[in-house]
Amino acid sequence: MEAEASNGNGNGNGNGCSNDHDIIRWFDTISTNVAMVQRETLRQILELNRGVEYLKKWFGDKDLDIREMDACEMESLYTSLVPLVSHEDLEPFIQRIADGDTSPILTQHPITTLSLSSGTTEGRQKFIPFTRHSSKTTLQIFRLAAAYRSRVYPTRSKGRILEFIYSSKRFKTRGGLMAGTATTHYFASEEFRIKQEKTKLFTCSPHEVISNGDYKQTTYCHLLLGLFFHKEVECITSTFAYSIVQAFSSFEEQWEDICKDIKEGNVSSKITWPKMRKAVLDIIEPKPILASRIEAICEGLQGSDWFGLVPKLWPNAKYVYSIMTGSMQHYSKKLRHYCGSLPLVSAEYGSTESWIGVNLDPSLEPEKVTFAVMPTFSYFEFIPLYRQDQYSGSGSVDFIEDDPVPLSQVKVGQEYEIVLTTFTGLYRYRLGDVVEVSGFHNETPKLKFICRRKLLLVVNIDKNTEKDLQLVVEKGSQLLSKHRAELVDFTSHAELTHQPGHYVIYWEIKGKVEERVLCKCCREMDASFVDPGYVVSRRTNSIGPLELCIVERGTFKKILDYFIGNGAALSQFKTPRCTNDRTLLKILDLYTVKRFRSTAYG
Ligand code: AMP
């Protein structure tokens, strides 16, 4: 792709070097005249996959000469003949690929690798085709984002990144294809190595640590090596903010063991995988002075509930960088606590299916961040969404939809569902994310992530999304901070087995809180759902009082372990904000220690 051609010989990420200029210039070119760039992208995808079974199904036997066609004609022919689909519609095709059918089903080049989506939002993991193109776009978006970041927060060349990254176990499908999460494939790819060289920032942990598969042992080694290299660490990152919070909370418990290892140049016996032990031992050496310094800092930090841990332990870190939007927003509060005044930079927007947008304003607070769409990565369409009023439609319909529009025709302030046509063989594929257009960079839209499309909480005519739940929980938990407690994590469930159905919200909290305060939190949440369907139903008692369940400390770790046990990777883990999963509900109910029913609505 163009960026590769024009970025071959830069020299570092530091102070506005030519490498950064090249990639920024490239993006400025492709984000201008996006209608043409998008048609060209579609043309490339269709040409690359000309004659595949799936496209034949819709185009018929006509062997369309895409190259010769007028671009607008090609685009309208494609969108009129090929239908919008969801993952379920493509599943039979992808399954055949997984089972070893090498005929051109979705792509002309045989797919040899499949990615597993995290599955924590939809409740089940999905197979998505993965090709070299996927890793290349990852490299491009990371380099572009790094170039924009280095304008605001320059880093020293040849510094290090403390990256809390985790591979899942890769396995072979029945047909012999390699399967694993997209991040796992990327960490194992040549592009992961190239990115470090191009940005001149090197990860602290060797591959043996990242690929271990036991997230507890990996976290320990990331922390150990991050502290060993503490002076060189320029920034701290993870894919999703959850992993950083998880890592520092385990640091609170393990810092003494880590200091002992730094002092002795050893690795704790709890690290059992020989390859990982050896890789870490090959790097570290005894540093008793450093160990005593860290010990003294940690003793001090304990008194302030670890406030400002990051700048104290990594004095040269310029920022913390991770996805902090959407379902990760909850963790940015805790991250702020750990980071003190160190900037938090919200990372890019993408999915296993395709990268979507880049954060061009790294100095923006995570709550305000937007993502400029990458118009060469996929062909994007946008389904306009309109919120339903309380009296129209059935309970299962969340938005009224209009016909999809191309990228060049989106409007500021409008909400859309994203539709993708990718180089990896997904055609007019509904991603299921709701975004709002908040402006433009040149001609490419800047998107605000709103939520997953799927309705979360529904009992009857009520419709509450992940975003609605997030706002309600934020309101309800404000009372906790006044009582020096904090909300560690949360999820919810629409309980329908007894009439009337009602919402159950599960909270894990840190700190002691009196029952009367929790009662208030429960009432506050119930009263804070503004969805008219919910309010009307609560008033008429066709939805019962909201139930707040307080679970034991560590319950959400058990949920994480359950997902990891089923093949999820920590790098892509997102706590499900609403669940009907029986095992999960069993865990939650088993560890519920207190229950409250709302007294809002009398
Ligand atoms: P997965 O492919 O399973 O790892 O998850 C991809 C999903 O994560 C996307 O479809 C979004 O719902 C969510 N996601 C990814 N990046 C962001 C972001 N920057 N902000 C909010 N949500 C995101």
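**Pocket, sheet, cysteines and backbone**

The largest pocket holds about 1,000 Å³ of space. The model is predicted. The points below start with that pocket and then turn to a sheet, the cysteines and some backbone features.

**The largest pocket**

- Its lining is made up of 37 residues. Lys334, Glu486, Leu487, Val488 and Lys510 are the ones that lie nearest the centre of the pocket.
- Six named elements each give two or more residues to this lining: helix H12 (241–264), helix H16 (329–339), H17, S19, S20 and helix H20 (555–565).
- H16 provides the largest share of the lining, with 9 residues.

**The sheet S19-S20-S21-S22**

- This open sheet has 4 strands in the order S19-S20-S21-S22, and its pairing is mixed.
- Strand S19 (486–495) and strand S22 (592–597) each have a single partner strand, so these edge strands are left without a neighbour in the sheet on one side.
- On average, neighbouring strands of the sheet are turned by 20° against each other, direction ignored.
- Over 5 bridges, strand S20 (residues 502–510) pairs with strand S21 (residues 547–551) in the parallel sense. Tyr506 stands opposite Cys549 in S21.
- Helix H17 (residues 466–482) lies across S19 and S20 and runs at about 135° to S19.

**Cysteines**

- A disulfide is a covalent bond between the sulfur atoms of two cysteines. With a cut-off of 2.5 Å between the sulfur atoms, the count is 0 disulfides.
- Cys298 is in no disulfide, and the nearest cysteine sulfur, that of Cys259, is 5.2 Å away. Cys298 has a relative accessible area of 0% and is therefore buried.
- Cys522 is in no disulfide either; the nearest cysteine sulfur belongs to Cys519 and is 6.9 Å away. Cys522 is also buried, at a relative accessible area of 0%.

**Backbone features**

- Most residues other than glycine have a negative phi, and most peptide bonds are trans.
- Gln499 and Pro500 are joined by a cis peptide bond, with omega about -10°. Pro500 is found in the loop between S19 and S20.
- Trp306 is not a glycine, yet its phi is positive, near 65°. Trp306 sits in the loop between helix H14 (288–303) and helix H15 (309–313), and is buried with a relative accessible area of 4%.
- Arg428, also not a glycine, has a positive phi of about 50°. The loop between strand S16 (415–422) and strand S17 (429–441) contains Arg428, which is buried with a relative accessible area of 6%.

Definitions and conventions:
Residues are numbered from 1 along each chain as its sequence is written. This is a predicted model: local features need pLDDT of at least 70, side-chain atom pairs count only at pLDDT 80 or more; totals for chains, interfaces and linings use all residues. Side-chain values use heavy atoms; hydrogens and water are left out. Two strands pair if DSSP finds at least two bridges between them. Axes are lines fitted to C-alpha atoms, for helices over the stretch in contact, and angles run from 0 to 180 degrees between N-to-C directions. Contact means heavy atoms within 4.5 Å. Buried means under 20% relative accessible area, exposed over 50%, partly exposed in between (1.4 Å probe, protein chains only). On a 1 Å grid over the protein atoms alone, a cavity is a set of points where a 1.4 Å probe fits but cannot get out, and a pocket is an open set with protein on both sides within 12 Å along at least five of seven lines; lining residues have an atom within 4 Å of a point. Grid points are joined across faces, edges and corners, and a volume is the space filled by probe spheres set on the points.
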